[in-house]
Amino acid sequence: MTNPILSAWTNAFEIAPFDTISDTDFAPALDAAMQAHNAEIGAIASNPEAPTFANTVEALEAAGEMMDKVLSVFFTVAGADSNPLREELQREFSPKLAAHFSGISSNKALFQRVADLWTRKDELGLTDEQARVLMLSHRGFVRAGAALEGNEDTRMQEIKARLASLGTSFTQNLLADERDWFMELSEDDLQGLPGFVVNSARAAGEEKGAKGPVVTLSRSLIVPFLQFSPRRDLRQKAYHAWTARGANGGETDNREIAAEILQLRQERAKLLGYESFADFKLETEMARTPDRVRDLLMQVWEPAKTRANADAEILTQMMQNDGVNGPLEAWDWRYYAEKRRKAEHDLDEAALKPYLQLDRMIEASFACANRLFGLEFKQLDIPLYHPDCRAWEVTRNGQHIAVFIGDYFARGSKRSGAWCSAMRGQAKFPKVQAPVVINVCNFAKGDPALLSYDDARTLFHEFGHALHQMLSNVTYESISGTSVARDFVELPSQLYEHWLEVPEVLAEFATHAETGAPMPQEMLKKVLKAANFDQGFQTVEYVASALVDLAFHEGAVPDDPMARQAEVLADLGMPAAIRMRHATPHFAHVFAGDGYSAGYYSYMWSEVMDADAFAAFEEAGGAFDSERAKALEENILSTGGSSEAEDLYLAFRGRLPGVEALLKGRGLIAA
Ligand SMILES: [Zn+2]
């Protein structure tokens with residue numbers, strides 16, 4: 001029997017033949033793909049001919065075709081439709097794959113060839129895109145430590161291994177603390193909690209084997225509990241437990257782990273020749289330097305703090321009216337903010353839902369892409385990995401552009417959250433390939449399926465990432481689509497969310513599931529206003545975390561990260577009743593792995609750009625201004641990582657973004 005994952009995919013658009021693939025095909029396909037990839041890499045590294053761009057960099061681009069196919073199928077089903085066997089395969093192959101790719105990035109012979117080309121780059125007659133791919137390839141090897149020799153090389157390997165294991169311990173300690181703590185609630189303690197919170201508290205109680213309902217430290221339960229419970233004593237107790245995660249002393253305490261991680265990161269950065277880990281980390285980002293990150297965060301910090309302090313006064317007054325004296329505490333904020341929200345912009349979620357039908361919202365996201373970029377969508381009938389998946393062929397002026405797959409419904413076999421990935425990235429080398437892009441979401445099923453406003457935003461967000469993949473128009477796959485800096489990659493997605501809020505879009509597509517009537521103007525206004533609520537608090541807790549993350553990774557490494565954290569917050573004048581969104585002992589973004597270390601600011605960096613980029617449309621002819629749409633596609637959506645993010649943005653906007661549009665969008669300054 002031939003393995004259908006490894007055979008040629010001959011169906012329409014060369015989509016993986018999901019109907020013929022079985023789980024037992026994965027392990028042999030993964031093994032074969034690694035072997036084939038190693039053979040390809042070995043041949044490039046040991047090529048007796050002198051290095052050329054074609055026999056080295058382009059050869060690397062062309063290598064791994066089988067690997068791409070196998071991984072695209074495997075990771076798609078492992079994330080969106082797992083089962084015990086697929087989970088087992090993931091456990092088995094994750095370390096193998098990590099070792100495989102790390103073996104390539106530290107292959108000295110390969111690096112020598114790339115380094116040789118790099119020193120001769122100006123004589124090679126490269127196009128701009130080729131020069132960029134060579135630069136990225138060389139930089140990737142250097143940053144992975146391929147240029148280190150002897151003791152330094154050995155030490156780098158040790159540091160990397162130690163950091164990986166510390167990251168795992170950090171995560172496991174956090175999970176243990178979250179798993180072990182719960183607070184039992186009597187029937188009386190449920191007073192004031194809405195039905196959905198009572199239901200989750202009861203379900204959590206059953207899961208924990210408790211006698212009745214409980215509060216756990218899961219964000220989806222503790223946050224609504226803090227929002228709705230009138231019992232100040234219980235809120236305080238739960239809040240203390242929540243913010244003590246990773247700092248409870250004993251075996252699961254993360255504070256020393258955090259300190260060691262910071263030391264090792266600094267050592268790693270120094271070995272590679274950087275002043276600090278922040279300098280190392282930010283080199284590949286649009287922000288580039290710690291100073292630019294701090295500058296942006298501080299511009300947002302001051303107005304956010306002013307707003308939060310003003311809000312604190314209002315909430316304190318509300319608390320005093322309740323007969324509670326003394327200062328507003330961190331466990332009071334969400335409770336009084338929720339009361340205020342209800343008084344000021346009561347939005348009836350139940351009345352809103354029938355206006356947000358999944359199918360109509362999909363149509364809306366397509367219709368906007370049609371008006372902006374001329375894309376057309378035609379439903380396809382092809383076998384996919386789950387009956388809930390739908391597919392469309394995307395064309396423009398009759399030309400095939402991409403296949404778009406939507407897998408929208410929640411199910412037990414899918415991990416939580418929402419994401420976009422390319423099952424095949426766009427490229428023109430070694431042959432022309434059109435992208436196959438998938439959006440995976442976790443919306444509740446129904447007939448018809450109805451969304452919350454947040455869900456609808458998620459749908460537009462992920463479709464924005466999909467457009468970045470589908471409209472990509474570069475030569476080399478390694479820089480196509482969303483292969484851009486981390487602080488730039490959320491620009492297309494967050495930007496696309498703005499089109500959901502365009503009144504004419506909601507007027508056309510937010511129609512009542514039964515009556516077909518458009519959403520009433522009053523409701524529309526409330527929806528848009530509610531999105532800005534309590535932004536002083538939210539911005540302050542986020543920016544404080546981002547500034548502490550930055551402070552940890554530049555300058556002298558703190559012996560005691562907790563003391564450094566306290567110092568940074570004191571310097572900032574942190575409002576008394578607000579804490580960091582993620583304090584150090586449970587700041588998984590920063591310590592569970594390298595992903596967002598010295599990078600937690602990225603979300604806001606992207607938000608500054610998306611607000612500013614949408615303002616460009618508004619300043620021109622409006623949300624569907626065709627000149628702006630053309631500029632967006634030409635300079636950002638089609639260009640992938642072919643230029644520095646800053647240059648791409650400048651080409652689109654003519655200047656760099658300012659924070660004003662973000663501050664207005666968050667309601668922190670007057671619109
Ligand atoms: Zn995103």
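Which residue in strand 4 is the bridge partner of K378? The partner is E393, and the briefing below sets this pair in its surroundings. This is a predicted model, in which local features need pLDDT of at least 70 and side-chain atom pairs count only at pLDDT 80 or more, while totals for chains, interfaces and linings use all residues. Residues are numbered from 1 along each chain as its sequence is written, and side-chain values use heavy atoms, with hydrogens and water left out. Helices (H or I, at least four residues) and strands (E, at least two) are DSSP runs, numbered from the N terminus.

- Five strands make up an open sheet with mixed pairing, in the order 3-4-5-7-6; two strands pair if DSSP finds at least two bridges between them.
- Strand 3 (376-380) and strand 6 (419-424) are the edge strands, each with a single partner, so one side of each has no neighbour in the sheet.
- On average, neighbouring strands here are turned by 25 degrees against each other, direction ignored. Axes are lines fitted to C-alpha atoms, for helices over the stretch in contact, and angles run from 0 to 180 degrees between N-to-C directions.
- Helix 3 (residues 65-80) packs on this sheet and touches strand 5 (399-409), strand 6 and strand 7 (436-443); contact means heavy atoms within 4.5 Å. The direction of helix 3 makes about 155 degrees with that of strand 6.
- Strand 3 pairs with strand 4 (residues 390-396) in the antiparallel sense, over five bridges.

**A pair of helices**

- Helix 9 (residues 219-228) and helix 10 (residues 232-243) have axes that come within 10 Å and cross at roughly 145 degrees.
- From helix 9, the contact uses R219, I222, V223, F225 and L226, and from helix 10 it uses L234, R235, A238, Y239 and W242.
- Those contact residues divide into eight nonpolar, no polar and two charged. Here Ala, Val, Leu, Ile, Met, Phe, Trp, Tyr, Cys and Pro count as nonpolar, Asp, Glu, Lys and Arg as charged, and the others, Gly among them, as polar.

**Nonpolar cores**

- In soluble globular proteins, nonpolar side chains tend to be buried together.
- The largest nonpolar core has 146 residues, of which W333, F463, F488 and W499 touch the most other members. Such a core is a set of buried Ala, Val, Leu, Ile, Met, Phe, Trp, Tyr and Cys residues joined through side-chain atoms within 4.5 Å.
- Helix 21 (residues 535-552) gives this core its largest share, eleven residues.
- A second, separate core of 34 residues includes F26, V73, A80 and I382.
- Leaving aside neighbours within four places in sequence, the contacts of W333 include A308, L315, D534 and F537.

**Backbone points to check by eye**

- Most residues other than glycine have a negative phi, and most peptide bonds are trans.
- D534 has a positive phi, near 60 degrees, without being a glycine. D534 sits in the loop between helix 20 (521-530) and helix 21, and at 13% relative accessibility it counts as buried.
- E14, also not a glycine, has a positive phi of about 50 degrees. E14 lies in the segment before helix 1 (26-45) and is partly exposed, with a relative accessible area of 44%.
- Buried means under 20% relative accessible area, exposed over 50%, and partly exposed in between (1.4 Å probe, protein chains only).
- The F429 to P430 peptide bond is cis, with omega near -5 degrees, and P430 lies in the loop between strand 6 and strand 7.
- The D447 to P448 peptide bond is cis, with omega near 0 degrees, and P448 is in the loop between strand 7 and helix 17 (453-470).
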